[in-house]
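Visitor: I'd like to go through this model with you, starting with single residues and ending with the whole chain. Could you put it up first?

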Amino acid sequence: MIRCPGGLVIEAEAAAAITIRAPAAGAAPTSVALSGRAVLIDLTPPRSFQIQTPHAIASVRGTIYAVDVEAGATAVFVSRGAVQVAARQGSGTVTLGPGEGVDVRPGEPLVVRRWPQERVARLLARFGQ
């Protein structure tokens, strides 16, 4: 678990490949580059922040969400608040609310779905929740 300035808590799954980006040393981070595995983000109070993966950009509009990167896709799930998700290749942007997720795959449309409890539980269990 990484506690950052500005009310940001990043919980990275073991072996997650992340790079935290901030405008200056000691400043609140503005983004995280995630190239493998998953992170759980808690940002209180909400402010501008992004998770950038090879497939998607998830921009915070709320407070608690998870981003999971696999070889061909990025999954984004919102537990609390709202997150805007854009595909890095192609067009389209969606906004997710609590209980909603999207799977981002190159060349496929973004489809917001209410995630089944089983899928949510599997993802959050990776963070001990």
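Visitor: Is S31 buried or exposed?

Guide: S31 counts as buried, because its relative accessibility is 7%, where buried means under 20% relative accessible area, exposed means over 50% and partly exposed is in between, with a 1.4 Å probe and protein chains only. Please keep in mind that this is a predicted model, in which local features need pLDDT of at least 70, side-chain atom pairs count only at pLDDT 80 or more, and totals for chains, interfaces and linings use all residues. Residues are numbered from 1 along each chain as its sequence is written, and side-chain values use heavy atoms, with hydrogens and water left out.

Visitor: Where does S31 sit, and what is it in contact with?

Guide: S31 is part of strand β4; strands here are DSSP runs of E with at least two residues, helices are runs of H or I with at least four, and both are numbered from the N terminus. Leaving aside neighbours within four places in sequence, S31 is in contact (heavy atoms within 4.5 Å) with T19, I20, R21, F49, Q50 and Q52.

Visitor: Which other residue has a positive phi, near 70°?

Guide: That is A15, again a residue other than glycine, placed in the loop between β2 (8-12) and β3 (17-21). A15 counts as exposed, because its relative accessibility is 69%.

Visitor: And which residues does a cis peptide bond join?

Guide: The cis peptide bond joins T44 and P45, with omega about -5°, and P45 has its place in the loop between β4 (31-43) and β5 (50-52).

Visitor: Let's switch to T74. Buried or exposed?

Guide: T74 is buried, because its relative accessible area is 0%, and this residue lies in strand β8, which covers residues 74-80.

Visitor: Which side chains does T74 have polar contacts with?

Guide: A polar contact of 2.7 Å joins the side chain of T74 to that of T53, and another, of 2.8 Å, joins the side chains of T74 and H55. A polar contact here is a pair of N or O atoms within 3.5 Å; within protein, one must be able to donate a hydrogen and the other to accept it, and residues adjacent in sequence count only if both atoms are side-chain atoms. Beyond neighbours within four places in sequence, the contacts of T74 include A56, V67, D68, V69, V102, D103 and V104.

Visitor: H55 came up there. What about A86, which is also in contact with H55?

Guide: A86 is found in strand β9, residues 83-87, and counts as partly exposed, because its relative accessibility is 21%. Apart from neighbours within four places in sequence, A86 is in contact with H55, A56, I57, G92, T93 and L110. The C-alpha atoms of A86 and G6, 80 residues apart along the chain, are separated by 24 Å.

Visitor: What share of the residues is buried?

Guide: Buried residues make up 45% of the 129 residues in the protein chain. Of the contacts with a separation of 6 or more, 35% come from residues 24 or more positions apart.
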